[in-house]
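My notes follow the structure.

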Amino acid sequence: MALSFNTGVTLSLKILVDENIPAAVSCFSQFGEVRRVNGRQLSKTDIADAEVLIVRSVTKVCKHLLDGTGVRFVGSTTIGTDHLDLNYLAESGIKTCNAPGSNAESVVDYVISAICQTDDLLERLLSGEPVGIIGFGNVGKRLARRLEALGIAWRAYDPLLNKDEFPHLGGLDDVLRCSLLCLHAPLTRTGDHPSFHMLDTSLLTRLPEDAVLLNAGRGEIVSTDSLMALSRQRPDISLLLDVWEGEPAFPVALANRCRIATPHIAGYSVDGKLSGLRMVASQLAEFLGVQYCDFDVPLEMTAGETLHCSGANRADFIRRTVLSVYDVKEDDERFRRIINELDRGLAFDLLRKQYPLRRELAYSSLVATSASFKETLNALQSGR
Ligand SMILES: NC(=O)C1=CN([C@@H]2O[C@H](COP(=O)(O)OP(=O)(O)OC[C@H]3O[C@@H](n4cnc5c(N)ncnc54)[C@H](O)[C@@H]3O)[C@@H](O)[C@H]2O)C=CC1
Ligand SMILES: O=C(O)C(=O)[C@H](O)COP(=O)(O)O
């Protein structure tokens, strides 16, 4: 039907949503007719009569896909925007939005769980070895806040932020001296500080002995070749990779060298997904000039029992508590099972599609059995 926005009247829009966005049909049906589609295989034919397109990071939204269609609004329920051709969308007058920060706490939970599952890294960090953070945005800042609450030192590098506003930010050299280096930059290919292949083997070999490199940003920030060379030259460095160059396919040899390997699920908490969905739906409502009505979240998505947390000492308490809510090793084990599949890309996507329900630490019902660990529990849940 012809569109008439800002009328205050709900229109019967044709809305396409990625089938991997939970609760999307109940959320978007307030705006019109919702059809679920496979975001990886979406073609121009699928969207011929659509006015609204709601995607995740697997759909390349560009001129090739949209030109000649009636799409007027594109929403991505993700933090990252590297799959969206923002210049084309702006020039074409197609309203575009994403969900900044929506699953940032989920990524922080992933990092904390990975710390707990990497040998004695947690103990090393608690005794003063610092964490380096590349990219001090929604994820980087939240990670720093959680680490600080736990008493773990951190340094951050973000050349795009104003030094006067963030005087504590350091240079690349500073973060390369840290025991754990976490990559949380977006994927960019232009500008003064493109992140594409920004770290190579010569930079990464500066990491201290027994360092750990964690990438939960985008695979293309460090090339597969650089990581392979690093693992040959510095076998003492542990690789924890959630993102891969050229997803959904991934390099088997590199995956086999990782201490922890996961299929791009750091941000996959149900809380993060629902938050992204709400952010995009409310921006669609604003675009249409209608009131956004929140939707009923199926109880099984958010219900959870109370967990009683204890530990022999502080590190033990942190490890047990974190892993009882989210154990990254379970994701790693599922990933290892698909490494030798013939169609690895398909298997990678299937793992993501069938991802188990995961709550964020901050939204979990947790009780410390000993008063002495109450503060530590608050630190672990300080996310929201
Ligand atoms: N693995 C996963 O499941 C997830 C991955 N992500 C990825 O993490 C990225 C970061 O997320 P947010 O912190 O929420 O984004 P954000 O946009 O809030 O912050 C990104 C920060 O990185 C900085 N930055 C840009 N280029 C840089 C460079 N070359 N070197 C250092 N810093 C640089 C920016 O100035 C900004 O402060 C997303 O763009 C997305 O690609 C996000 C969510 C989940
Ligand atoms: O939000 C982002 O940015 C992410 O990386 C997403 O969590 C990735 O999930 P999909 O959009 O690929 O399902």
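I began with burial and found that Phe-317 and Phe-373 are buried, a term that stands for under 20% relative accessible area, with exposed over 50% and partly exposed in between (1.4 Å probe, protein chains only). This is a predicted model, in which local features need pLDDT of at least 70, side-chain atom pairs count only at pLDDT 80 or more, and totals for chains, interfaces and linings use all residues. Residues are numbered from 1 along each chain as its sequence is written, and side-chain values use heavy atoms, with hydrogens and water left out.

I then searched the whole structure for aromatic pairs and noted eleven; rings of Phe, Tyr and Trp (its six-membered ring) pair if their centres lie within 6.5 Å, and planes under 30 degrees apart count as stacked, over 60 as edge-to-face and the rest as tilted. One of the pairs joins Phe-73 and Phe-287, which I noted as tilted, at 5.5 Å centre to centre and 40 degrees between the planes. Phe-73 is buried, with a relative accessible area of 0%, whereas Phe-287 is partly exposed at 21%.

I next looked up Phe-317 and Phe-373, whose ring centres are 4.6 Å apart with planes at 15 degrees, so this pair is stacked.

I also traced a cluster in which ring pairs link Trp-244, Phe-250, Phe-335 and Phe-348.

Last, I checked for charges over rings (NZ of Lys or CZ of Arg within 6 Å of the ring centre and within 35 degrees of the ring normal), and found Lys-273 over the face of Tyr-268, at 3.8 Å from the ring centre. The charged end of Arg-358 sits over the ring of Tyr-326, 3.7 Å from its centre.

How values were computed:
Chains are lettered from A and ligands numbered from 1 in the order in which they are written.
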